[in-house]
Amino acid sequence: MSDVQALFAALRQSADGEAAAAVERLVRDGPDRALCRVNVLDFAAETGIDVERAIAAFLHAARLGLFELSWNVLCPGCGGVLDAGATLKTLDRDEYNCALCAAGYEATLDEMVEVAFTVSPRVRRIGAHDPDTLPPVEYCRQMFWGSGIDLPPNFEQLVEDITLDFVELPAGEKALLSLQLPAEFLIVFDPVSHATQFLDVKGEPTRDRQTLSFIIDPVHRPNETIPLRPGPLRLSVENRTHRRVLAGVWIAGHAMHELLGRRKPFLTAKRLLTNQTFRDIYRTDTLDIDQRLKITSMTFLFTDLKGSTALYERVGDLAAFDLVRAHFRVLHEIVAAEAGAVVKTIGDAVMATFPTPDRAVAAALRMRDAMGRLNDAHANEDLVLKIGIHEGPCLAVSLNERQDYFGQTVNIAARVQTLVNSRAIFATESVVTDSATAKLLQTSGIEPVAQRHTLRGIADELTLYEIP
C-alpha cells in the first residue's frame, strides 16, 4: 500500500465513510481546478453528502496531510482574496484594502474570511501549487477569487469580452501596449499583485497618442482616477516585483460588474469555529493569545442542570455522576448534529455556539426531549435542564489555551439561562424574530411567550421569550 493509499485508509477510519470515499474520488478523478480552494458547501451539494459530514471529512483530511487548509480574507466587493494564511493567526491587520474596489474593510469572521482546502502536493500535484505557471484566466479563477465567487460556464469568453489588452510580464521586465481607448471607465489591473489604476475615458475623441505609465511593485499605492480621451494610448507597463504579473486593461461596464456580483455560499471562518470536529482537532492552535477577531453575529446557548447539588445528595455521588455524564454526552451529540460546538463545560453547565439562531433553537428543543427520554429510562425526573439562548456580535479570543468568546452577547446569554427556573427554554428577541427560527417554531406548533426581565449587570429591561 502506498503512502497516499494509507492516508485515505486512515481517513475512512476517522471520517464518515461515504464522505471519505467522495473526497478520495475527487482527488483521483477531479480536474486540477476542482482541487484548489475546494468549496466544501459546493462539494456537499454536488455529492449529496450531509454538509457537516463533508466539513468533518475535509478537516480530518487536512489533519492527515491530504489537504492544506487556508483562511482567506475576501473583499466583499469583488470577491477577491486580499490575504491568505494557513491559520487564523495570520489575520493580524485592523483593515484590509482592495485596490480593485478602492475600499478598505475591517475583517470579520462572518462573511469576509473563507476556509478552503487545496490538495497537498504530496498527494497530487496541480497547477495551483505553481501559480506563476497558470494561464491568466485560470490564475484569476483559482488564485485571485475565493470559493464564494460563482463563475459562469462562459467565464473564459466573458473575460475575453471585457479585456481590451493584456500582457504577461516576467519579474523585472517592461512592455509597451498600444490601445485604442473607447469612451468607457477602464481599469488597468494585475490580479497577482492587485496593482490597479482607474481610467475615466470620456469627452471628444482625439487622434493624438496619449501616454501612461503603469508600475507594478509590492507597495499597493492608492491612486486617483486618470482622465483620458477616447483614442490611441501607449501604455508602459513595468514589473518591479519578484514574480510574474498579468497586467490587463478591463472595461468596467455592466458585464464586469455582473461578474463580480455573482456569489454562492462558502464555508466561513465563523461557521468553522462553531464546528465540533474543528474544535476537537485544532483545539490549541486557532488564535494567538493577543488576537481579537470580530464576529458580527454568533448565537450562544447556555445550559445548566437545576438542583444538581440535591441530586448528588439524593442518589449518591456515583449514580449522580453517571447521570450527569450521560447528560453531557447527549448534549455534545446534539450540539454537533446542529452544526454547533461546545466551547466549554462549567460544573454541570454547557456553553455552546451556533452559526445561526435557528440551529441553536433546534438544538435546545432536541435537548429538552432528550432529557425527558433519559429521565424515563431511569424512571425519575432528576435531570431538569435550563436553557438560555442569545444572538449578537462578539469577539473570538484565546483564553486558557482554548478558543473562546468574549463580549456583552456572551454575558447576556449566560444570564438569560440563570432566569430559567424549570424545564424551559428562554431566548432573546433577536433569536425568536430570526426568520428561520420563526419558521421552525411555527412548523413545530410552538408559540413563544414574551416576558419582560431585568438581567444582572444590564441597564435596560429585556424582552425574553419562553419556548414552551
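## Cores, a buried threonine and salt bridges

Val432 touches Ala427, Thr437, Ala438, Pro448 and Tyr465, leaving out residues up to four places away in sequence. Touching, or contact, means heavy atoms within 4.5 Å. The model is predicted: local features need pLDDT of at least 70, side-chain atom pairs count only at pLDDT 80 or more, and totals for chains, interfaces and linings use all residues. Residues are numbered from 1 along each chain as its sequence is written, and side-chain values use heavy atoms, with hydrogens and water left out.

Val432 sits in helix α14 (residues 429–432). Helices (H or I, at least four residues) and strands (E, at least two) are DSSP runs, numbered from the N terminus. Val432 counts as buried because its relative accessibility is 10%. Buried means under 20% relative accessible area, exposed over 50%, and partly exposed in between (1.4 Å probe, protein chains only). Arg37 is 395 residues from Val432 in sequence and 36 Å from it in space, C-alpha to C-alpha.

**Nonpolar cores**

A nonpolar core is a set of buried Ala, Val, Leu, Ile, Met, Phe, Trp, Tyr and Cys residues joined through side-chain atoms within 4.5 Å. The largest one here has 90 residues. Phe67, Trp71, Leu109, Phe117 and Tyr405 have the most contacts inside it. Helix α4 (residues 51–64) gives the most to this core, with eight residues. A second, separate core has 35 residues, among them Leu305, Val361, Leu365 and Ile467. In soluble globular proteins, nonpolar side chains tend to be buried together.

What does Phe117 contact, leaving aside its neighbours within four places in sequence? Its partners include Leu35, Val38, Val40, Phe58, Leu59 and Phe67. Arg37, Glu68 and Leu267 are also among them.

**Around Thr268**

Thr268 is in the loop between α7 (254–260) and α8 (269–273). Its relative accessible area is 6%, so Thr268 is buried. A polar atom of its side chain lies 3.1 Å from the backbone nitrogen of Arg271. A polar atom of the Thr268 side chain also lies 3.5 Å from the backbone oxygen of Asp110. Beyond neighbours within four places in sequence, Thr268 is in contact with Leu109, Asp110, Glu111, Val113, Glu114 and Val115.

**Salt bridges**

The whole structure has 23 salt bridges. Each is a side-chain nitrogen of Lys or Arg within 4 Å of a carboxyl oxygen of Asp or Glu. Side chains of opposite charge can pair when their charged atoms come close.

| Arg124 | Asp32 | 3.0 Å |

Asp32 counts as partly exposed, at 32% relative accessibility.

Asp404 is buried, with a relative accessible area of 2%. Elsewhere, salt bridges that share partners join Arg33, Glu138, Arg141 and Glu156 into one network.

Methods. A polar contact is a pair of N or O atoms within 3.5 Å; within protein, one must be able to donate a hydrogen and the other to accept it, and residues adjacent in sequence count only if both atoms are side-chain atoms.
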